[in-house]
Amino acid sequence: MLPVIALVGRPNVGKSTLFNAMTRSRDALVADMPGVTRDRHYGVCRTGERPFVVVDTGGLSGVDEGLDALTAQQVRLAIDEAQVLVFVVDARDGLLPQDRSILDELRRSGKPIIVAVNKTDGLDLQDALAEFTVFGISRTLPLSAAHNRGTEELIAAVLPLLPEDAHEELGPEGDQGIRVAIVGRPNAGKSTLINRLLGEDRLIVSDVAGTTRDPIRVPLERDGKRYTLIDTAGVRRKARVEEAVEKFSVIKTLQSMAAAQVVVVMIDARENLSDQDLTLIGHVLDEGRALVIAINKWDGMDTYQREQCQRALERRLVFVDWAKQVFISALHGSGLRELMRAIVRAHTAATRELGSSDLTRTLERAYEGYQPPLVRGHAPKLRFAHPGGSNPPTIVIHGSRTKHIAPAYRRYLENFFRQRYKLEGTPIRIDFRDGE
Ligand code: GDP
Ligand code: GDP
């Protein structure tokens with residue numbers, strides 16, 4: 001499972017700036033769900049050798065009263081969730097009493113701590129660090145998050161502190177079947193769906209200690225096909241009321257996506273498609289996973305409501321128009337056969353083997369049909385292609401001046417390859433390389 005690091009520190013020291021520098025691209029997943037502390041951001045850092053979840057513990061700025069209590073709570077949650085703690089301090093403010101109390105709290109956890117001394121831009125680095133050496137923490141690094149300086153070094157310092165990648169007993173793929181994560185906002189119907197799927201086939205649920213914080217893997221067999229469901233909803237734990245608040249865990253969601261081959265994003269047809277839904281889908285793309293969109297609670301909706309819903313989906317999900325949308329009722333069990341079929345198809349597409357000569361021929365055809373626009377009088381050239389991996393299918397294209405290829409042309413090629421190889425249900429990666 002993806003390891004987790006937390007950014008902790010006073011307000012305004014630059015945590016969210018650092019978070020953005022580490023996770024880049026996508027919007028953060030925000031735990032603003034009922035029962036979950038507000039304003040905690042989650043993303044995945046993929047720039048190092050090993051991906052990990054970054055938690056920005058948060059937006060406390062603007063809150064005056066109860067700051068200490070809130071900070072303490074924030075720090076405790078971070079300590080709880082993370083395996084490595086990055087303590088961010090502000091070189092311009094210098095060492096403040098609140099920093100000391102935060103550090104005391106961090107130390108009590110016994111977890112590895114890195115001190116990131118931020119806002120060192122324009123300062124003498126040695127001077128900036130000197131003040132914080134009283135902490136006695138050897139891993140103290142200068143940083144300028146706003147100028148993206150020092151982030152690489154910080155990531156390099158984090159990596160060796162992460163827990164060993166516990167080799168998951170995945171076994172040969174044939175044994176496990178297709179690994180499927182079912183994710184979605186609270187109340188979308190994830191637990192109902194999983195129970196439905198399991199109940200129908202009277203599945204043996206292997207016994208897992210109830211205390212586990214990792215997503216649980218549940219084997220499933222349906223119509224003679226094997227699957228492993230990676231359960232984030234906590235189906236089995238749901239009976240235990242005290243864990244109800246923990247039901248939606250962003251970390252588990254990110255971890256289960258990373259562990260899956262196909263991700264089913266469940267959307268509640270009765271709610272408007274939310275930004276959180278779109279952000280979840282964005283993370284599936286970042287992770288390169290095959291995607292199926294299940295629109296749940298389709299029962300009891302009239303024609304007008306269904307049309308409204310379908311129109312909204314069409315409008316807002318154009319960026320994943322290759323993903324199958326399946327309309328289901330987890331409660332009544334309708335649409336499930338189609339759902340499973342979509343999962344199998346997406347998996348097949350995501351793991352399809354592509355041959356070099358065929359890819360090159362397809363590339364030539366695409367190139368003949370439409371050439372990349374000239375850059376200062378010269379056209380980027382595309383020469384040949386070969387496969388670069390699967391899940392997601394990756395196509396490596398060799399040529400020259402490829403860095404001038406516009407996003408629109410990349411999309412054109414993606415669509416061309418998608419149609420040629422019927423890659424429905426999976427994102428595609430295209431890597432351009434210059435030279436031979
Ligand atoms: P947070 O409250 O800890 O999340 O802090 P923010 O990331 O919101 O940053 C607070 C302020 O510090 C913002 O105005 C940032 O632009 C600024 N800031 C963040 N990083 C740096 C940095 O490396 N150098 C400088 N000079 N300012 C920074
Ligand atoms: P989760 O938080 O995503 O695991 O959602 P649950 O499975 O707990 O479902 C939330 C609520 O929606 C429960 O009251 C379910 O009975 C209800 N629900 C789930 N699926 C359906 C469905 O297909 N149709 C209808 N009408 N209600 C559903």
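Helices (H or I, at least four residues) and strands (E, at least two) are DSSP runs, numbered from the N terminus. What you have open is a predicted model, where local features need pLDDT of at least 70, side-chain atom pairs count only at pLDDT 80 or more, and totals for chains, interfaces and linings use all residues. Residues are numbered from 1 along each chain as its sequence is written, while chains are lettered from A and ligands numbered from 1 in the order in which they are written.

Start by selecting ligand 1. Around ligand 1 there are 16 residues (C-beta atom, placed from the backbone, within 6 Å), and Gly14, Lys15, Ser16, Thr17 and Ala146 come nearest. Now colour helix α1 (residues 15-23), which gives the most to this shell, with three residues.

Next, move to ligand 2. Of the 16 residues around ligand 2, those that come nearest are Gly189, Lys190, Ser191, Thr192 and Leu331. Here helix α7 (residues 190-200) gives the most to the shell, again three residues.

Now select strand β8 (residues 178-184). Seven of its seven residues are buried (20 or more other C-beta atoms within 10 Å of their own, C-beta atoms placed from the backbone), so β8 is largely enclosed by the rest of the structure. Look at both faces: Ile178, Val180, Ile182 and Gly184 are buried on one side, and Arg179, Ala181 and Val183 on the other.

Note on methods:
Buried ≥ 20, exposed ≤ 12 C-beta atoms within 10 Å, placed from the backbone.
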